[in-house]
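Reader: I am new to this structure and would like a guided look at it. Could you put it up and begin with any term I will need?
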Amino acid sequence: MTTAVKTQKNALKRGLAKAALLSGVLGAGFFAGLSAASAATLTVWSGYPEMAPFYEHVAEGLKAAHPDLTVKVEAIALREHEKRIALGLTSGSAGPLIIELPGSTASRYIENELLPAAPDDVSAFVKDPANFGQFFIDAVSKDGVVYGVPLFRGQGSLFYNTDMFAAAGLTEPPKTMEEYSQYAEKLTQRDANGNPTVSGWSMRLSGGGQGIAEKFWINLFQYGGNVLVQSADGKWKADYANEAGRKALKQYLENVHTLKTVTPEMPADAEAFERGQTAMFIRESWVIGDIASKAPDLKYATAPLPRGSIALPTNLYVSAEGDDAKLAWEYTQAANSPENLVWLLQNVGWLPNRSGVDYSVVTDKVPAFGAFVNYPEGYEFFTLPAIGPIEEVLTRLAAQLTNAFGNAALAGDDAAIDAFLKTAADETNQILAREDLLAQ
């Protein structure tokens, strides 16, 4: 290892550990969990609490071959999970771990040799085109080397309340972004003063982390834009200070400040949809299972988006050595058995990434999955680039967008919108340039 690489690795360790410590989120109980586990004990770290039953189900299935195996599933909120990984991997004291991560986040640890490559048999399993498409293989690989095993993905579609649509005289879902705003205006329910009490379209307007930027990217994509695009030299640049970006941001501003179909203060996201506080919103397939659990009588349907969707592959990685590592990699492959993947779709609602599995037993029973698996020909997908600063890029953009959404002066002022987008894109490109990732 060169001196430069060592310096970079040590700096990453110090920086990520400091960030986790200063966050104030991780308490003393976390540090107790960093003690080394026994040879017959594996720990699964997840950033999605709803995934805990699945990981426990996989563990139960492994007990036939490993009766003494103990699998501890620790599923916490995503942002806390990210901080936990930053501290656990950089400290080197977390014990045998199976870690759930998107490829875009895992890349920083792979680059700094904090996550090992998969063994040959696991690599062959992943690279088999009968098991995974190239999109998912690329998501767990770097320079052709496999570092993880694909598991599930987040993929957006429209969820809409069919009773509210019927009451508004709407017989089918919107097919263009222009129709989204038209529908939102018709679906909004208001009080005597004209203030919205039920939003026509729940748009991500506030909240922590990079989710605001990801949701903006989904809408931007419908207009033909992207937050980042890759050039022929393999580097990246911002691609939203343009007509597509203006249309996407203008739609947010019109709905908030002109049409007033939604406000940043209104209940939002899945919880609002389940409570009848919004008529439609864009979200991933896990909402189907959440609705079945929390609002089983809700009348709703799903529909593909106008152009395509984000697809965020989440993978399993291993941080272990020797027999522990062998057992951990066996667990990752067991998680991908057809029986377990059908269980995942049916009981949790995340979309499995493996090909060649018959999911009809689920899709026939739950038609809402249709929009996620039966999309139109030519439907396009994009994902977050597997580059080190991707989270910083999105987090900074999210902060900029949050300010913009609350700025009524921007609504209807194309020149002001363009100026805002240029400033935001300049910041994005500065981050890329700092990391020597900016395309020329």
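Author: A contact means heavy atoms within 4.5 Å. Among contacts in the protein chain between residues at least 6 apart in sequence, 76% join residues at least 24 apart.

Reader: Where does the model come from, and how are residues numbered?
Author: This is a predicted model, in which local features need pLDDT of at least 70, side-chain atom pairs count only at pLDDT 80 or more, and totals for chains, interfaces and linings use all residues. Residues are numbered from 1 along each chain as its sequence is written, and side-chain values use heavy atoms, with hydrogens and water left out.

Reader: How many helices and strands does the protein chain have?
Author: The secondary structure comes to 19 helices and 16 strands. Helices (H or I, at least four residues) and strands (E, at least two) are DSSP runs, numbered from the N terminus.

Reader: What about the overall dimensions?
Author: Along the principal axes, the C-alpha atoms fill a box of roughly 65 × 50 × 45 Å. The radius of gyration of the protein chain is 22 Å, which agrees with the value near 22 Å for a compact globule of 440 residues. That radius is taken over C-alpha atoms, and the globule rule is 2.2 Å times the number of residues to the power 0.38.

Reader: And what share of the residues is buried?
Author: Buried residues make up 51% of the 440 residues. Buried means under 20% relative accessible area, exposed over 50%, and partly exposed in between (1.4 Å probe, protein chains only).

Reader: Let us turn to the helices. How do H18 and H19 cross?
Author: The axes of H18 (residues 390-405) and H19 (residues 414-434) come within 10 Å and cross at roughly 165°. That makes the two helices roughly antiparallel. Angles under 35 degrees count as roughly parallel, over 145 as roughly antiparallel, 65 to 115 as roughly perpendicular and the rest as oblique. Axes are lines fitted to C-alpha atoms, for helices over the stretch in contact, and angles run from 0 to 180 degrees between N-to-C directions.

Reader: Which residues meet there?
Author: Glu 392, Val 393, Arg 396, Leu 397, Gln 400, Leu 401 and Ala 404 in H18 meet Phe 420, Ala 424, Glu 427, Thr 428, Ile 431 and Arg 434 in H19. By class, this contact of H18 with H19 has 7 nonpolar, 2 polar and 4 charged residues. Here Ala, Val, Leu, Ile, Met, Phe, Trp, Tyr, Cys and Pro count as nonpolar, Asp, Glu, Lys and Arg as charged, and the others, Gly among them, as polar.

Reader: Now H11 and H19: at what angle do their axes cross?
Author: Their axes come within 10 Å and cross at roughly 115°, and H11 and H19 are therefore roughly perpendicular to each other. In H11, Gly 245, Arg 246, Leu 249, Lys 250 and Leu 253 meet Asp 414, Ile 417, Asp 418, Phe 420 and Leu 421 in H19.

Reader: How are H10 and H11 placed?
Author: The axes of H10 (residues 211-222) and H11 (residues 243-258) come within 9 Å and cross at roughly 120°. H10 and H11 are therefore oblique to each other.

Reader: Changing topic, where is Glu 113?
Author: Glu 113 lies in the loop between H5 (103-111) and H6 (120-127). Its phi is near 60°, a positive value in a residue other than glycine. Glu 113 counts as partly exposed, at 48% relative accessibility.

Reader: And Asp 143, buried or exposed?
Author: Asp 143 counts as exposed, at 74% relative accessibility. Asp 143 is found in the loop between strand S4 (141-142) and strand S5 (145-146), and has a positive phi of about 55° although it is not a glycine.
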